[in-house]
Amino acid sequence: MSRTLRGVMSGAVSGRAWPVALAVATVLTTALTIWLSLGLYDQHDRAQRRQDILAAARQSALNFTSLDYRHYDRDSANVLEGATGDFKKQFAAQTEQLTKLVAANKSVSEGQVLEAGIVRSDEHSARVLVVADSKVTNTAAPKGEARTYRLQLDLVHRDGRWLTSDVEFVG
């Protein structure tokens, strides 16, 4: 092959290589952008889930530690609103007895959530530890006494909401 023919051939090859290289670069850039976007979406989704779990656990603990004998029907309804499963059944079964007990003792508990942290979670369930204080007044302690609660709450995701399925007092 003559030098001229080789020069023409190599120019033609490099002329065809540019569009192929640009197409490959475009495909790679698009794939990388999609992959990064999906990762960012997943990260945002997990962060939102964590916020929702913590908000539900804090509210549930607050409802559980804030009860007033003058409004016990409303307060117990708030606990039940955020509950499900066995916890909801057990709390509902004890409501009548608790209503009498809190009324007889004129009990008032003003709860405050101090800290909450997720122990484990996935898309359908979570376990959260909560530290809460409350000031409790009743006939035995008319000036009130401070109580600190360490609670372990198990939550499940149902119908777009995080609901408490179990509450345990932990040391």
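Helices (H or I, at least four residues) and strands (E, at least two) are DSSP runs, numbered from the N terminus. The model is predicted, and local features therefore need pLDDT of at least 70, side-chain atom pairs count only at pLDDT 80 or more, while totals for chains, interfaces and linings use all residues. Residues are numbered from 1 along each chain as its sequence is written, and side-chain values use heavy atoms, with hydrogens and water left out.

**Exercise 1.** Locate V131, and decide whether V131 is buried, partly exposed or exposed.

Solution. Begin with the secondary structure: V131 belongs to strand β3, which spans residues 125-137. Next, recall that buried means under 20% relative accessible area, exposed over 50%, and partly exposed in between (1.4 Å probe, protein chains only). Because its relative accessibility is 28%, V131 counts as partly exposed. Then list its contacts, where contact means heavy atoms within 4.5 Å: leaving aside neighbours within four places in sequence, V131 is in contact with Q112, V113, L114, E115, T148, Y149 and R150. Finally, V131 and G117, 14 residues apart in sequence, are separated by 9.1 Å from C-alpha to C-alpha.

**Exercise 2.** Describe the surroundings of S109.

Solution. S109 sits in strand β2, residues 108-121, and a relative accessible area of 13% is why S109 counts as buried. Not counting residues up to four places away in sequence, S109 touches T65, S66, L67, S134, K135 and V136. For T65, the backbone oxygen lies 2.5 Å from a polar atom of the S109 side chain.

**Exercise 3.** Classify the aromatic pair of F64 and F91.

Solution. Rings of Phe, Tyr and Trp (its six-membered ring) pair if their centres lie within 6.5 Å, and planes under 30 degrees apart count as stacked, over 60 as edge-to-face and the rest as tilted. The whole structure contains 5 aromatic pairs. In one of them, F64 and F91 are 6.5 Å apart centre to centre with 55 degrees between the planes, a tilted arrangement. This pair links distant parts of the chain, since F64 is in helix α1 (residues 3-65) and F91 in helix α3 (residues 85-105), 27 residues apart. F64 is partly exposed at 22% relative accessibility, whereas F91 is buried at 7%. Ring pairs also join F64, F87, F91, Y149 and F169 into a cluster.

**Exercise 4.** Which residues of helix α2 are buried, and which exposed residues does the face turned away carry?

Solution. In helix α2 (residues 72-81), the buried residues are Y72, D75, S76, V79 and L80. They cover an arc of only 140 degrees around the axis, so they lie on the same side of α2; the arc is that of the directions from the helix axis to the C-beta atoms. The face turned away from this buried side carries the exposed residues D73 and E81.

Note on methods
Polar contact = N/O pair within 3.5 Å; in protein donor to acceptor, adjacent residues only side chain to side chain.
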